[in-house]
Amino acid sequence: MAGKKIDKKDIAKLLSQWSQELAVYVPSIESGVATMAKWDGKDTSFLDWYRNTVIPTKASFFPSAEEMFRFQKDNKGYHIELPPSNERKQLIFGVRPCDARALAILDMTFKEAYEDPYYLPKRSSAVLVGLGCTNPYDSCFCTSLGISPAQSTDVDLMLTDIGDEFLIEEITDKGKELIAKATEVKKASKEEEASAKEVKEAAYQKVTRKIDTEGIGDRLLACFDDQDYWERIAAKCISCGICTLLCPTCYCFDINDELVRQQGTRFRSWDSCAFSLYTKMPMENPRAEKWRRVRQKVCHKFKFYPMNFGVIACTGCGRCIRLCPVNWDITQTLESVPVKV
Ligand code: SF4
Ligand code: SF4
């Protein structure tokens, strides 16, 4: 496909044009935490500091807390009121390839396993504009999961930093349509396309942390009942849940009612299999001991999700390594899984 390009200084104009029709979200710092937030109409300083967000892009479609409906009780019974569905379609600018892949993985749960009425409308109407990652963290290991840090087909448009400009690839018809109306976009030369290719290759080489995923599911299954092994693996975990809440492919949620007198609101909010109270409300937690919960987190991503959907539910984004308060490291765990004989 023929490449296009835009001058970096014109990004604000491009975002402004898109803002006419869409709710544009860009990497932002909110309360000290990097997240995707509504663009303020002028600031593009994220182009200088942005590596990846702390809050994964899943939050745009599956927020940490979401109103499901309101209810009221009177002498005739309960009355349910659904939240208004007048949200503008979202354009998320700057999605990293690992997070774009995570959304494709989440779709399998929220679209194939069942049709989630809260996630799907937001997700299917959204436009994703990917931005190649050229400065991965030490904790990133996306290349071991078949992801290239500066290349993605899980977005609608893909941008690559080639100096003063971004090369733009049109990945989907939705992306093509979006760029067709953008007045600041120009045709890229063959040299600029070659330069983008070099940038992508260099970015790939910068991801030096590697894991061996060959046969990982079977190896995990082979040591599944080795309690001593999992107790050693889980020893320093403090069950804070951060690694799962901020994992872009984790999707567990809890449901709670906030009730005042005869009326209330039902919310769903992120939950974590790392918590000892997880699933306590509908039944007992089948994983009372910490080692069972840590085992679940690892095996779910590398054995059970592949069994159900044919893909590993980890993108190597490295958040669980960067953000764990006790430096628990999933790559060390995967390395330590005994080789099956
Ligand atoms: S972030 Fe670290 S300490 Fe917290 S649950 Fe995950 S592994 Fe355990
Ligand atoms: S398990 Fe860790 S590295 Fe893998 S997707 Fe989740 S947060 Fe990222």
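Colleague: What makes E66 and R268 a salt bridge?

Modeller: The closest N and O atoms of the E66–R268 pair are 3.5 Å apart. The cut-off is 4 Å between a side-chain nitrogen of Lys or Arg and a carboxyl oxygen of Asp or Glu, so the pair qualifies. Bear in mind that this is a predicted model.

Colleague: How many salt bridges does the rule find across the interface of domain 1 and domain 2?

Modeller: There the rule gives 3 salt bridges. Residue pairs in polar contact across that interface come to 22, with both partners at pLDDT 80 or more.

Colleague: Which elements each supply at least two residues of the side of domain 1 that touches domain 2?

Modeller: They are β4 (65-74) and α3 (97-113). Of the elements, α3 gives the most to that side, with 11 residues. By class, the side of domain 1 that touches domain 2 has 26 nonpolar, 6 polar and 9 charged residues.

Colleague: And where are the bounds of domain 1 and domain 2 in the chain?

Modeller: Domain 1 takes in 4-206 and domain 2 takes in 216-335. Their centres, over C-alpha atoms, are separated by 25 Å.

Colleague: How do you know that domain 1 and domain 2 are in contact?

Modeller: Contact asks for heavy atoms within 4.5 Å, and 41 residues of domain 1 meet that with 39 residues of domain 2. The area buried between the two domains is about 3400 Å², and carbon and sulfur atoms give 65% of it.

Colleague: What about D99 and R319: how far apart are their closest N and O atoms?

Modeller: For D99 and R319 the figure is 2.6 Å. That is within 4 Å, so the pair is called a salt bridge. D99 sits in helix α3 and R319 in helix α11 (residues 319-322), so the pair ties together parts 220 residues apart in sequence. A search of the whole structure turns up 20 salt bridges.

Colleague: Which residues are around ligand 2?

Modeller: R319 is there again, and the others include F141, K301, C314, C317 and C320. The ligand 2 shell splits into 6 nonpolar, 3 polar and 2 charged residues.

Colleague: Which residues come nearest to ligand 1?

Modeller: Of the 13 around ligand 1, the nearest are C237, C240, G241, C243 and C324.

How values were computed
Residues are numbered from 1 along each chain as its sequence is written. Chains are lettered from A and ligands numbered from 1 in the order in which they are written. This is a predicted model: local features need pLDDT of at least 70, side-chain atom pairs count only at pLDDT 80 or more; totals for chains, interfaces and linings use all residues. Side-chain values use heavy atoms; hydrogens and water are left out. A residue is near a molecule or strand if one of its heavy atoms lies within 4 Å of it. Domain bounds come from an automatic or database domain assignment. Buried area is the accessible area (1.4 Å probe) that two parts lose on being put together, summed over both. A polar contact is a pair of N or O atoms within 3.5 Å; within protein, one must be able to donate a hydrogen and the other to accept it, and residues adjacent in sequence count only if both atoms are side-chain atoms. Helices (H or I, at least four residues) and strands (E, at least two) are DSSP runs, numbered from the N terminus. Ala, Val, Leu, Ile, Met, Phe, Trp, Tyr, Cys and Pro count as nonpolar, Asp, Glu, Lys and Arg as charged, and the others, Gly among them, as polar.
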